[in-house]
Amino acid sequence: MIRRLPVLPVLLLALAFVATPTWARADANAGAAATPAQTLQQLSNQLNAVKAALSNTPQDKLDNATLNDLRARAMQVQSGAQQVVDGLAPQMATLQAQLTVLGPAPAKGASSEAPEVAAQRRQLDKAQTNLNAQIVQAKSLGLDALQLMEQISGLLSDQFQARLAERTDTPLGHAFWVDQVRSLPNDMPRLQRFAASWAQGLNDAWQPPNRTPLLLCVAAAVLLLAGGRRGLQHLWQFIATRWLPDGHLRRSAMAAVMALSTTLVIGLAAKLVHLGINWNDTLDTDLDQLATSTMRVVIISSLMAGLGSALLSAKRASWRLPPLSDITAQRLRSHPWLLGGVALLTGLTEHIVRSIGSSLPATVLLHALLALLISGLVGSALLRLRHARHEADEAKAGRVRRPLWVGALGFAAALGVVVCWLSVCTGFIALGFFVAIQMLWTGLVVASLYLLLLLVRDLFETLLSPQSRSSQHLQASFDISSETLQQASTVLTGVTRVLLTLVALAMVLARFDAGPAELAQRTSQLFSGLKLGQLPISPGTIMGAISVFVLGLVALRALKNWLRDQLLPTTSMDAGMRNSVVTLLGYLGGVFVFALALAAANVSLQSIAWIASALSVGIGFGLQQIVSNFISGLILLVERPVKVGDWVSLSSDVEGDIRRINVRATEIQLGDRSTVIVPNSQLITQNVRNVTHSSAQGRVRIMLPMPLDTDADRARQLMMEVLKAHTSTLENPPPVVRLDNINASSMTFSITSYVRSPRDVAAVKSDMLFEILARLRTENLPLSTPTSMVVRNLGPLGEDSPAAPSSG
């Protein structure tokens, strides 16, 4: 059953509904000047009418449409009562302020106050009493409406589960087809009457008074279908070429225009045909309502076809938004139109079945056929997608990497196809039909969300880009820096994407005949009386606390990734500061999420104090070091004596780069690429040498001894040339060659050069030594060598006697 409106019309309808006062909708004749008492009376009458309709209507007549209408009316009452409370609250505050100014009433035996003051006090007390009574009545009315909504939601949920759990004879059995043969004689006259009524309506529309408008409308519809879509796309190309800058926005906007142009053209064509047939109200009320419902189905089906074709963009690969190969797009190019046609067929079938009141066996048969047809098309698309990927691999075209959510969506679709076929074959046709319709609707919502997410990103990036005209106007008018505009673009994109995702999730869940808030109802009340101390235990609160904690951690992680990868890189913070901000946010966010989970579990402050007392005992005995390291980690992040990226040296012969500062310890990467885990307390309590704290430059120092007869000026010149020729040598401070020392046998040169990072010192020093040695050899300038002296002992006849040499 396809009875959905596109996302944008639904949102506009919701906004219009919210913008209108509820009690004004409850009774259009009440007028804008209705008093709160009159409004409460109207709301009470409306709620009583809903209760009467719910209790007096037989259970077999309470279908989904009736229950949804009753729930909507009860929701109007609840909203109207809340608005009455909100409207009376300022008046109550004003009366209370006036009574405060008058002060308390005189005590018994005290002197009486002035008659004017006493009269004013009585008047204010009376007005406050009446106002308080109205507020209490409004709150009670809202509570009754809320309870009634919960009751109706329970009935809807029961009916929904009952429908899905219904089992009929399997189509693979003989009894199923016997029922079809038996019900056929009753269904054929109904179908014939339906066809005859439509034939009569078309015959009336073909009569001379209505023939010309019908022909004109049909001709206009044909012309619109023939060239309207292409004309709108060409018009947009002309506008985009002249007004939109080059970039991703043209592509995403073109996809949106293609989808909307298809929907608009087909929808207008359907409206023209309906207008021509019903030019002079030739259709009766039932047929006109059927035609109107059919137009809504046509809009949904055309949106599905246009959106799928725009995303695939089989003819122009440069316009394609999703990461699909050309082979995949060509194989799937017909599926959006096939799925749109099946959606149209499903909607028409549902409307016709309801209109003629067909028998249950015929309805079950149609649902089974439609479920198999929809799931078959979805399965065919999945198989074609798989074959296209294999062909791309064989052609060495390169497999396009798919995001995780695409793989999950494909797995869900494949699972839905299997469940649909199994349900139909085993007799659970209602379940199979529901799964098939849900696959169609979810696919439409996900495709729309994907296009909108890309369009929003490209729109904000283009409007707030430093090179765009709008950005330049903002910078000139409001003195806004380009970095601020980039940050605003990132924030607006993130917030809008979150809102669109929530709206899409609500639209998908709406297929379950319940809003998102109603899906979180408590599943059981069996443990409602159990308590742990003063803490009540129930499945609903436990699951709610777990859900809050998990979702909070997921949201916190997404926020940290967004800050680290998108927002903070656009600021002037260095890498260490950005890491500190993200880490601190993680600590604070984790505490906040934990507090929200405790609040969701209804943990009172007294329970939290009891837990803290128990933890303090454990901390006093065995957790001192953990707490010390945790506090030390906070000090490191706030004071930042060391930060991520610094090169530090500890007294324990640990020297390397800080890669990460965690809650308990800090990770330091050594020169051999190994990692040392150092407790945070050591970085606070021990001596730490931070090589890059004040300056990130490194110093290369070489001590070079040479003989006394060396040409010192020439040697100094050669060394200076080597220092300046190296690419890593900084000009400021400049390199220096000094004569450091002279002794009896040699002189020592001190060579000093500065490089960008201390991590480059070893490699640069090695390069310079190689180059200096080569240049000295070329110039025949030797290095000094230690002198050796051999001492020999002569015997009496002048012959050598063996003696050990000694060096001096």
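# A tour from loop to sheet

Start at asparagine 780, in the loop between helix H23 (761–778) and strand E11 (793–794). The model you have open is a predicted one. Asparagine 780 is exposed, because its relative accessible area is 66% and exposed means over 50%. Now check its backbone. Phi is positive, about 55 degrees, although asparagine 780 is not a glycine. For context, most residues other than glycine have a negative phi.

Next, select serine 313. Serine 313 sits in the loop between helix H9 (285–312) and helix H10 (326–332). Is serine 313 buried or exposed? Its relative accessibility is 4%, so serine 313 counts as buried, since buried means under 20%.

Stay with the backbone and go to proline 733. Look in the loop between helix H22 (712–725) and strand E9 (736–742). Select asparagine 732 along with proline 733. The peptide bond from asparagine 732 to proline 733 is cis, and omega is near 0 degrees. Most peptide bonds, by contrast, are trans.

Now a helix. Select residues 174–205, which make up helix H6, and pick out serine 183 within helix H6. Serine 183 counts as buried because its relative accessibility is 7%.

Move to the surface. Select Ile542, Met543, Ile546, Phe549, Val550, Leu553, Val554 and Phe594. Together they form a nonpolar patch with about 710 Å² of accessible area. Which helix gives the largest share of the nonpolar patch? Helix H17 (residues 539–567) does, with 7 residues. Zoom in on phenylalanine 549, which is in helix H17. Phenylalanine 549 counts as partly exposed, because its relative accessibility is 32%. That value falls between the cut-offs of 20% and 50%.

The last stop is a sheet. Colour its 5 strands in the order E6-E5-E4-E3-E7. The sheet is open and its pairing is antiparallel. At the edges are strand E6 (675–679) and strand E7 (688–690), and each pairs on one side only. From one strand to the next, the twist averages 40 degrees.

Select strand E3 (residues 647–650), then strand E4 (residues 655–661). E3 and E4 pair in the antiparallel sense over 3 bridges. E3 also pairs with E7, again antiparallel and over 3 bridges. Valine 648 lets you see both pairings. In E7, the bridge partner of valine 648 is asparagine 690.

Finally, show the side chains of E3. Which residues point one way from E3, and which the other way? Trp647 and Ser649 point one way, Val648 and Leu650 the other way. In a regular strand the side chains alternate between the two faces of the sheet. On E3, all of these residues are buried, whichever way they point.

Conventions
Residues are numbered from 1 along each chain as its sequence is written. This is a predicted model: local features need pLDDT of at least 70, side-chain atom pairs count only at pLDDT 80 or more; totals for chains, interfaces and linings use all residues. Side-chain values use heavy atoms; hydrogens and water are left out. Helices (H or I, at least four residues) and strands (E, at least two) are DSSP runs, numbered from the N terminus. Buried means under 20% relative accessible area, exposed over 50%, partly exposed in between (1.4 Å probe, protein chains only). Two strands pair if DSSP finds at least two bridges between them. Axes are lines fitted to C-alpha atoms, for helices over the stretch in contact, and angles run from 0 to 180 degrees between N-to-C directions. Patches are made of residues with over 30% relative accessible area and no salt bridge: like charges are joined within 9 Å, nonpolar side chains (Val, Leu, Ile, Met, Phe, Trp, Tyr) within 5 Å. Accessible areas come from the Shrake-Rupley method with a 1.4 Å probe; for residues, only the protein chains shown count as cover. A salt bridge is a side-chain nitrogen of Lys or Arg within 4 Å of a carboxyl oxygen of Asp or Glu.
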